[in-house]
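User: I would like to learn how to read features in a structural model. Can you take me through some, step by step?

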Amino acid sequence: MSEMLDFFDNILWGSILIYLLLGTGIYFSLRTRFIQFRLFGHIFSSHIHKNSSNPRGISTFQALCISLAARIGTGNVAGVALAITAGGPGAIFWMWVIALISMVTALFENTLAQLFKGRDLKGNYRGGPADYMEKGLGMRWMGILFSIMLVISFGLIFNALQANAIAQAASVSFDSNPYYVAAGLVVLTALTLFGGLKRFSKLTQWLVPFMAVGYLLMAIWVIGHNVERLPQVFVLIVKSAFGLQEVAAGAVGFAITQALTQGVQRGLFSNEAGMGSSPNAAALAAPTPAHPAAVGFSQMLGVFIDTIVICSATALIILSSGLLDAPDQQLTGIALIQQAVAAATGNALSHYLVSGFVFIFAFSSISANYVYAENNLVFLRSGEKAKLYVFRLLVLGMVAFGCLVKLPTVWKMADISMALMTIINLTALMLLSSIALKVIKDYERQRRMGKTPVFNPDHFPEFREQLTPDVWQKTPSQAKH
């Protein structure tokens with residue numbers, strides 16, 4: 001079983017997905033004239049993160065926080081450590097590259113999710129890749145396949161992995177009984193899952209900025225103790241990315257491949273750009289300004305914060321500590337982070353700090369992953385209360401399962417399911433890229449004219465009939481034209 005999973009994992013990541021992710025991102029960058037750099041400052045603008053007065057949806061900022069809650073998880077801590085130990089420091093360079101390129105992919109997928117969003121049984125906005133596959137491409141079968149994979153991956157497998165990270169951190173730091181950890185985490189998760197989307201969106205609105213800023217403050221504190229090593233660290237990252245460290249050993253090609261594979265794989269697991277997960281949060285928003293591309297730009301910020309900021313902080317904590325220089329270095333994952341922090345803060349404090357952040361990151365990801373899964377259950381027409389209760393119980397069961405067992409095989413399953421989801425979503429994005437580009441250009445055109453961008457479906461007769469009726473309504477000023 002393990003050998004078969006390794007085979008599929010190597011095929012998908014080594015031969016298909018790396019080139020597909022890079023190729024798609026570069027293609028979109030060229031078509032938009034590298035919009036992620038041209039309008040980089042706009043993603044920080046308060047104009048695209050205003051509160052919404054529309055009761056059918058949440059605000060763009062709340063949608064961003066939900067997507068960040070899912071993105072910022074164990075991938076930002078244990079995943080970065082794994083990338084460095086398996087692929088060398090150069091993996092961080094390729095993690096940066098894929099993030100910068102994939103920002104424009106995030107713009108496309110989240111703009112399309114907003115454009116083709118619909119409503120659930122209560123009239124609230126819902127949508128995501130499955131909806132733009134059905135409405136935009138007329139391929140409901142493709143949306144069903146994607147939804148099933150997302151429900152299994154995010155609702156069950158990924159949540160078991162996040163719970164496992166919490167249990168590991170508690171065990172290393174406090175020698176906690178995993179059964180007690182499982183019981184406590186199940187109770188907290190149940191309170192969140194049964195509390196409803198509105199309550200969770202309000203929770204993430206203050207929790208996500210708090211946890212991101214808190215983690216960065218810890219990183220600055222730790223890196224500050226090793227600041228004299230930073231120039232060497234950046235040189236090491238670049239040299240390792242291109243195999244320059246291995247020239248003497250004659251292993252340049254292998255080193256580059258390992259760094260590239262680990263960087264792209266862990267980068268995607270962390271920032272999720274192109275995977276089709278964040279569009280499920282983006283579609284929940286009622287944006288102000290009322291234009292699909294506004295949410296797309298907002299979600300570009302999510303990719304930047306996740307990888308360029310949070311993942312880089314973790315990488316610099318590890319690399320500036322000098323732990324990897326030790327010949328007998330055997331640490332990896334959370335233990336490696338804890339030891340790196342301990343060098344600057346002391347053993348006891350490092351355990352509390354790292355375990356605390358692992359818990360907050362992982363728990364917020366569990367909750368956000370459930371939101372994504374529930375959104376796709378609605379698409380599969382399984383969103384009735386009774387069916388949702390059954391699914392919530394399954395999620396709670398996987399959370400408990402993740403706390404109690406070791407999950408090396410589940411990690412492989414997660415990588416494979418993530419790869420398949422991404423391939424399906426990127427295929428749809430390529431087929432719908434012309435529509436996304438027209439909507440993005442419309443947003444840019446209105447901004448150049450000094451207007452607040454507002455989407456008017458009548459300006460797009462080629463796909464107007466594919467949109468859900470009354471989702472994008474004309475304003476009185478538009479009706480006059």
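Predicted model: local features only at pLDDT ≥ 70, side-chain atom pairs only at ≥ 80, totals over all residues.

User: Are Phe357 and Phe361 buried or exposed?

Analyst: Buried, both Phe357 and Phe361.

User: How many aromatic pairs does a search of the whole structure find?

Analyst: The search finds 20 aromatic pairs. Phe357 and Phe361 form an aromatic pair, with 6.0 Å centre to centre and 50° between the planes. Planes under 30 degrees apart count as stacked and those over 60 as edge-to-face, with the rest tilted. The pair of Phe357 and Phe361 is therefore tilted.

User: Which residues do ring pairs link into a cluster?

Analyst: Phe455, Phe460, Phe463 and Trp472 are joined into a cluster by ring pairs.

User: Where is the kink in α13 centred?

Analyst: On Ser312, with a kink of about 30°.

User: How many residues of α13 are buried?

Analyst: 27 of its 30 residues are buried, so α13 is mostly covered.

User: On to the surface. Which residues form the nonpolar patch?

Analyst: Tyr179, Tyr180, Phe401, Leu404 and Val405 form the patch. Together they have about 540 Å² of accessible area. Next, ask which helices contribute. Helices α8 (178-193) and α16 (385-404) each supply at least two of the patch residues.

User: Why does Leu404 count as partly exposed?

Analyst: Buried means under 20% relative accessible area and exposed means over 50%, with partly exposed in between. Leu404 has 38% relative accessibility, so it counts as partly exposed. Leu404 is placed in helix α16.

User: Why does Gln36 count as buried?

Analyst: Use the cut-off of under 20% again. Gln36 has 2% relative accessibility, so it counts as buried. Gln36 lies in helix α2, residues 35-38.

User: What distance separates the C-alpha atoms of Gln36 and Ile101?

Analyst: Their C-alpha atoms are 8.0 Å apart. Along the chain, Gln36 and Ile101 are 65 residues apart.

Technical notes: Residues numbered from 1 in each chain as written. Heavy atoms only, no water. Patch = residues over 30% accessible without salt bridge, like charges linked within 9 Å, V, L, I, M, F, W, Y side chains within 5 Å. Areas by Shrake-Rupley, 256 points an atom, 1.4 Å probe, with all protein chains shown as cover. Salt bridge = Lys/Arg side-chain N within 4 Å of Asp/Glu carboxyl O. Helix = DSSP H or I, 4+ residues; strand = E, 2+ residues; numbered from the N terminus. Buried < 20%, exposed > 50% of the residue type's maximum accessible area, 1.4 Å probe, protein only. Bend = angle between axes of the 7 residues up to and from the residue. Phe/Tyr/Trp six-rings, centres within 6.5 Å; stacked < 30°, edge-to-face > 60°.
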